[in-house]
Amino acid sequence: MTGPLVVLGAGGYLGTAVAGRAELLTRQVLLARRPGGSPPVARAPGAGVVDCDVADPADLRRVVDGAGAVVHLASDLAGRDGWRGVGRAHRGAEVMVNLIEACRRAERPVCVVLASTVGHQGVAGGALSPYEEGKREEERLLLEATAAGQVDGVVLRLPTVYGCSPAAPSRPGRGVVATMVRRALSGEPLTVWAGGTVRRSFLHVEDAAQAFVASLSAAEALRGGCWDVAPDVTLELRDALATVAAVVAEVTGRAAVPVESVTPPAHALPADLEDVAVDAGPFRERSGWRPTRTFAEGVHDAVTTLAGDRPLQEGSRR
């Protein structure tokens with residue numbers, strides 16, 4: 001790879017974990033964060049940190065100019081609506097168009113690795129959230145540009161990412177796992193919709209970060225494809241939350257909070273009640289990547305972090 005590796009969204013939850021990977025020590029790295037955003041807590045020595053408004057074409061060109069590869073982790077998650085994007089337009093496609101245009105200026109195709117999201121079984125694209133629909137459009141644009149020889153695109157589709165990264169232990173994420181850990185620590189019941197039998201895949205943030213590093217080494221084999229990145233098993237949500245409750249009880253020495261089934265709210269989407277569809281075999285075969293953390297291990301780290309690193313009860317697992 002000639003030119004630096006540019007990580008867009010390096011100040012975010014996943015971006016900070018990517019920036020802290022030891023494997024980046026052999027590369028020239030430019031870490032781009034939103035203007036005024038948090039810099040990566042840990043990063044490769046010599047890695048530069050710059051502000052970049054990815055929605056500004058000129059700013060994006062400035063940062064990407066001369067890059068050998070781009071890892072695109074910048075997300076459109078700002079605001080109170082979170083990942084669902086209720087009532088907001090997803091701007092990811094606009095950013096992707098500008099990113100492709102910026103990369104077209106290079107003498108040779110730039111490798112662009114996009115963070116996307118997995119799909120659900122039996123759900124048509126129109127039933128997805130605005131965020132998921134936006135990600136599919138980003139994928140389409142990147143793969144079309146790859147087919148046209150403008151970039152070397154790689155799409156990594158991630159399931160639910162959770163857990164704490166050593167690069168930023170104070171950032172446990174803001175998804176369902178962190179939310180339920182906080183509830184359990186407060187003694188509140190954990191709730192699932194419609195029995196909680198829907199199956200989900202949970203990927204630890206450090207394993208997700210390693211997948212992006214692995215994709216750079218295997219970029220030629222992955223070029224032009226959409227690749228699921230996931231652990232070995234999926235879990236029923238009720239079982240996942242039972243694990244959260246049990247780990248919180250272990251760490252705090254209190255009785256485990258109950259896991260209760262509730263009626264789905266009005267804003268629930270069809271995809272919310274569908275199993276996630278993942279097949280990580282092809283990505284593992286071509287990249288050599290493997291997950292390293294079990295769900296229980298990742299939850300344990302998140303619980304101890306959110307509990308304020310209070311001493312564990314005697315006999316608890318460390």
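Select Arg 199 first. Its relative accessibility is 31%, so Arg 199 counts as partly exposed. You are looking at a predicted model, where local features need pLDDT of at least 70, side-chain atom pairs count only at pLDDT 80 or more, and totals for chains, interfaces and linings use all residues. Residues are numbered from 1 along each chain as its sequence is written, and side-chain values use heavy atoms, with hydrogens and water left out.

Glu 236 sits in strand β13 (residues 235–236) and Arg 199 in strand β10 (residues 199–200), so the pair ties together parts that are 37 residues apart in sequence. Glu 236 has 16% relative accessibility, so it counts as buried. A salt bridge here is a side-chain nitrogen of Lys or Arg within 4 Å of a carboxyl oxygen of Asp or Glu. Helices (H or I, at least four residues) and strands (E, at least two) are DSSP runs, numbered from the N terminus.

How many salt bridges does this rule give? The count is 14.

Next, select Glu 206 and Arg 21. They form a salt bridge, with the closest N and O atoms 2.7 Å apart. Glu 206 is in helix α6 (residues 205–217), while Arg 21 is in the loop between α1 (13–19) and β2 (29–33), so this pair ties together parts that are 185 residues apart in sequence. Both Glu 206 and Arg 21 are buried.

Go to helix α4 (residues 130–147). Glu 137 and Arg 140 both lie in it, 3 residues apart, about one turn of the helix. Their side chains meet in a salt bridge of 2.5 Å, N to O. Glu 137 is partly exposed at 29% relative accessibility. Arg 140 is partly exposed too, at 37%.

Then pick Arg 136, Glu 139 and Arg 157. Salt bridges link these residues in a network.

Last stop: helix α10 (residues 295–306). Its 12 residues, at 1.5 Å a residue, should span 16 Å, and its end C-alpha atoms are 16 Å apart, which agrees. The expected span is 1.5 Å times one less than the number of residues.

Which residues of α10 are buried? They are Phe 295, Gly 298, Val 299, His 300, Ala 302, Val 303 and Thr 304. Among the elements covering them are β8 (160–162), α5 (176–185) and α8 (237–252).

Finish at Gly 308. This residue follows α10, and its phi is positive, near 85 degrees.

How values were computed
Buried means under 20% relative accessible area, exposed over 50%, partly exposed in between (1.4 Å probe, protein chains only). Contact means heavy atoms within 4.5 Å.
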